[in-house]
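Hi everyone, thanks for coming. I'd like to walk you through an interface today, so let me put the structure up on the screen.

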Number of protein chains: 2
Amino acid sequence: MSDVAEEVGVSLATVSRALRGLEGVSEDTREKVREVAARLDYIPSPEASGLAGRSTGRVAVVLHDLPSWYGSSVTVGLERELRPAGLDLLVRCVDDPADRVRFFATMPLRRKVDAVVVIAIALTPQEVAKLREGGVAVVAAGSHGEGFPCVAIDDELAAQQAVNHLLQLGHERIALLNTVAATDRAWQAQRDRENGYRAAMAAAGVPVDEDLVVSWSGGSRGGAQGMDQLLSGRRLPSAVFAFSDEVALGAMRSLRRAGIEVPRQISVIGIDDHPLAELTDLTTVAQDPVALGRASAQVTLDLLQGRPARDVGTFPTRLVVRGTTAPPAP
Amino acid sequence: MSDVAEEVGVSLATVSRALRGLEGVSEDTREKVREVAARLDYIPSPEASGLAGRSTGRVAVVLHDLPSWYGSSVTVGLERELRPAGLDLLVRCVDDPADRVRFFATMPLRRKVDAVVVIAIALTPQEVAKLREGGVAVVAAGSHGEGFPCVAIDDELAAQQAVNHLLQLGHERIALLNTVAATDRAWQAQRDRENGYRAAMAAAGVPVDEDLVVSWSGGSRGGAQGMDQLLSGRRLPSAVFAFSDEVALGAMRSLRRAGIEVPRQISVIGIDDHPLAELTDLTTVAQDPVALGRASAQVTLDLLQGRPARDVGTFPTRLVVRGTTAPPAP
DNA sequence: CTGAAAGCGCTTACAG
DNA sequence: CTGAAAGCGCTTACAG
């Protein structure tokens, strides 16, 4: 930085202010500083600015596990939007509750990042407060909360779109294959999607058979187990609404093994539009987590640059009808 | 840190040395410093140590795209091993060649990380040199190179395992459904797997029909297109060895649409043991990218702590026979 | 084995 | 609008 200052013939302070776009620098000086900085390939040291001032030039993304399609897609969206803005992305997986506590206890101690974006994690007010105290901006992607920007789909609506599709095909015995969050007792998506399921059923005047509402751990394995449970029940469902495409795919495996034809005997629908959904011809309710990540990044940038966080609204979901749903067998 | 120094009654320099395990501190003092630091919840500022000394406490993982199963699995392995060691993980996707050039040009300018772990990227000697000049340690996961530690499977062997399985079933018209790397002209895996395919065929004395060797972009879409090309050929293959499970799944979709039964009419095998392989009953050659990430992390830690990098050897792969391979139709 | 001092490259009041 | 100076929290020669 001193090279730049010397070359332009101004002080370090002026260079610093000019480059960061602070007020109180003449346009003339600012121009010159920018030009010289570019010519000299000057890159500010994040270490130094972090030490001296406030900004670290880093954003942490916090999620349950990375190999999930959802989490990695949102992360990619964040990365694509944050990097051009000169911010680096720190990835932190919080596996279990103890780890989660550790993270929120230590992270703000040393402000290693300017902002934290949590993916599909419902923050407690204490956790938010802790981050805030540490001077860290907070944004949620894929979950809801009070007092900080949240970018998410309407889970209840997505569930209704799925269940309405089944209802319109003529199904009444519609099972809900939900998941339980192993690591986060408060993950809201499950609750909201169940609410959407019940709301759609109620609106259609179709009673819910509680034997058809089952919950297993997430992923395809849980889906397979949940489907096995449904198959061992007294009366089979004619359609299954799964929490996600992965769960739906697990369910389809169980159906295949049980020799049950999809969709002739049982229809299956998921949520996500996972790349595999197209591959396996799975009917689903699509969402776009990469776009959601991008929007979360923009909100984060707003916060970091002192602007009011833009309102990105609720992210849309839409029914994608493929080959795993059909009218019920007569 | 000054709190710790004051409490113990030593200088800042001693605290710094004691905590970092440097030589020249009596065991007695070191103990005391450690104890007080723990009691006071002291966490060193990475900004300050980065500025003053050398270490930033950060490792960058560089990959093509994150939503890939392979990349995110390796990253998870890295994260699990690096975090307990007090290192944060910076994620950087390099999408296109221009971006790649930009990364290697700017990253070393400001040493933002202590080490770079590249995933499935074949580094050029110049890129390695550039990182080295910047004082950044280099480790490769899933690719090979000279002059820095590489943790990888034996791609040629993996291909041989797959093709040998098909040969042993009695197949001779074995197609290779390879991929072309859009972003990295030198990705070695494709070349090595093709070599393995040819070596296995040659060893069995089976001639390769060059019409059965096709390359498309990666992912399931490319697999579907490649399979379409094979299906439009004069003589069909009796078995398909796909570059990866994703490619294999794409191929299976094309086969399904064409009304061809797997494995009765055509056998299919992939590489990876992607979670979906189990779900779709796909025969494959399994690898463990999470373990590979962990091993890469350990090598990285060796380098950062001034030890010689341990030799983790070549990572094993093993044939997993499921339902998509069978003897050829008579 | 330990300490005093300089310095890493910035930012931020405080003056002007 | 601009600058001189202090300071962010460490590490590293240099002495002792």
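This is a predicted model: local features need pLDDT of at least 70, side-chain atom pairs count only at pLDDT 80 or more; totals for chains, interfaces and linings use all residues.

How many residue pairs are in polar contact between chain B and chain A, counting pairs with both at pLDDT 80 or more? The count is 16 residue pairs.

Which parts of chain B supply the residues, then? Several elements of chain B each bring at least two residues to the side that touches chain A, including helix H4 (46-52), helix H5 (69-82) and helix H12 (275-280). The biggest giver is E2(B), with six residues. By class, that side of chain B has 17 nonpolar, eight polar and 17 charged residues.

Let's stay with the strand for a moment. Strand E2 (residues 88-93) of chain A is joined to E2(B) by three bridges, and the two run antiparallel. If you'd like one pair to click on, A:Leu89 has B:Val91 as its bridge partner in E2(B).

Now for the charges. Between chain B and chain A the count is 12 salt bridges. One of interest to look up is B:Glu278 with A:Arg221, where the closest N and O atoms are 3.1 Å apart.

Finally, the overall extent. On the chain B side, 42 residues are in contact with 43 residues of chain A. About 3,900 Å² is buried between the two chains, and carbon and sulfur atoms give 57% of that area. Within chain B, the residues losing the most area to chain A are B:Glu47, B:Arg110 and B:Leu279, together 18% of what that side buries.

That's my tour, so over to you!

Note on methods:
Residues are numbered from 1 along each chain as its sequence is written. Chains are lettered from A and ligands numbered from 1 in the order in which they are written. Side-chain values use heavy atoms; hydrogens and water are left out. Contact means heavy atoms within 4.5 Å. Buried area is the accessible area (1.4 Å probe) that two parts lose on being put together, summed over both. A salt bridge is a side-chain nitrogen of Lys or Arg within 4 Å of a carboxyl oxygen of Asp or Glu. A polar contact is a pair of N or O atoms within 3.5 Å; within protein, one must be able to donate a hydrogen and the other to accept it, and residues adjacent in sequence count only if both atoms are side-chain atoms. Helices (H or I, at least four residues) and strands (E, at least two) are DSSP runs, numbered from the N terminus. Ala, Val, Leu, Ile, Met, Phe, Trp, Tyr, Cys and Pro count as nonpolar, Asp, Glu, Lys and Arg as charged, and the others, Gly among them, as polar. Two strands pair if DSSP finds at least two bridges between them.
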